[in-house]
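Have the viewer open as you read.

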Amino acid sequence: MSAPGATVSGSLRRRLFLTIIGPLILITLGSAAIRYHQFAGLSQRVYDNTLLTVALTISRDVMISEGDMLKTQLLTSLTGALGDTLYYRIVGPDGAWITGYSDAPPRPAALAAAAPGEPQVYDSRVGAMPVRVLSISEAMHDRPLDGVVTVEVWTTVNQRRALSMELLGQTAIQFAAILAAAAALLWFGIHSGLRPLRRLEEAILARSPQDLQPIRRAVPAELSTLVAAMNGLFARLDRAFVLRDAFISDSAHQIRTPVAAIQARAEACLTAPDEARLRQRVAALAEAARAAGRLVNQLLSQERVRGRELRSMAEPVDLAALMAATTRDFAAGALSRGIDVSFDIDGDPRPVTADPVMLGEMLTNLLENAVAHGGAGGWIAVTLRFCSGEAVLEVADRGPGIAPALRERVFDRFFRAAPGSGPGAGLGLAIVRDIARAHGGDACLAGTARGCTIRVSLRG
């Protein structure tokens, strides 16, 4: 069970929220920066227009007063309109100072002279204090101001900046409110949208490890593929557990008899009346141990075939050389028991993609089965045929054969055509079919007039 707060839906909800809200925050900050520049430009244009109005007012007042200083009341009114301290200077036609402040802020060197009536606005400094300057020239024809008169007006920029910051603060509050509402709606939307996933997660977490039934809960279309994949996984796991339980049950049942035989024969060795009888009982004990070992090896081989990922073990294999070598090694031992083993190839040999270990074990099982059930005839024939798209391996013997009704059942695990019909536990042919099917082929029993022929097809 997952710890509270560590669920998949909770983690996904946080990731989705952060993934979406992060860019929104960045967009909001970017928008605020853009708005600040817009407000700064707007306030600058407003104050520049006000400066122009102030400059024209000063020009008219000075012209009426014929060069006198501005009246204190007018200067106070103009300063109040701007909100910042106001300074001015008027220069006559010959560049002589007429009225106002004698020291004006320095004019930028790159700023060209303007035509009469055209205002020029620029930033400058008076000491360490930044100011905004407006300069405008006018042609006057009234004495003593006959000629081009230049009016320069400058003011501090504190109020302008304060206005920009005030507008930015108002916008920031609006953006923050919008962002908070968007975050709340986003969290609610994600929470609601992921509710089916959370319910699915809760249903899975509530299951016991033994519950592998398919999930039948209604889910959105986006989750249907995930649920289908999980149901497929559950089905495969259920089948694997069924096979495992069947293997354990069958193995326990099959191993019980040879183990009991080993124990009984070992105890019989302890009570042997003489050495000759002891040797006889020890030989029987060894035979029982070999039978038990053979059974265990076959059980392990079959499970290895089922649990092995043959595709990862596959490689190009010289099938003709592998089958010939396996047959030759087996024939050396069979010859001592009076059994002749032959090997023939039909068609043009070619490599196949397969697991060589499994193929060698498959042929060994076929040969041992032929010896156990058809060796009385003293002849076993192995034939490898290369056909279009597949290779066919046949192992034939001259034994009593198998009834047509049982030719499919002999490939079942632990099935024997008749009790006491030779050694073995009925696993050899089951292993052969599993290996063949793992390589894209199959195994079957071919009908013959005499004996038995097992045919295995391999693709690759």
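The lining of the largest cavity has 3 nonpolar, 2 polar and 2 charged residues, where Asp, Glu, Lys and Arg count as charged, Ala, Val, Leu, Ile, Met, Phe, Trp, Tyr, Cys and Pro as nonpolar, and the others, Gly among them, as polar. Those lining residues are Tyr47, Leu51, Arg132, Thr155, Thr156, Val157 and Arg160. Helix H1 (8-64) and strand E5 (145-156) are the elements that each give two or more of them; helices (H or I, at least four residues) and strands (E, at least two) are DSSP runs, numbered from the N terminus. A cavity here is a set of points on a 1 Å grid over the protein atoms alone where a 1.4 Å probe fits but cannot get out, and lining residues have an atom within 4 Å of a point. The largest cavity holds about 30 Å³ of space, counted as what probe spheres set on the points fill, with points joined across faces, edges and corners.

This is a predicted model: local features need pLDDT of at least 70, side-chain atom pairs need 80 or more, and totals for chains, interfaces and linings use all residues. Residues are numbered from 1 along each chain as its sequence is written, and side-chain values use heavy atoms, without hydrogens or water.

Now for a charge pair. Arg279 forms a salt bridge with Glu275, their closest N and O atoms 3.1 Å apart (a side-chain nitrogen of Lys or Arg within 4 Å of a carboxyl oxygen of Asp or Glu). Arg279 and Glu275 are separated by about one helical turn, because they sit 4 residues apart in helix H6 (residues 275-307). A search of the whole structure finds 13 salt bridges.

Terms used
On a 1 Å grid over the protein atoms alone, a cavity is a set of points where a 1.4 Å probe fits but cannot get out, and a pocket is an open set with protein on both sides within 12 Å along at least five of seven lines; lining residues have an atom within 4 Å of a point.
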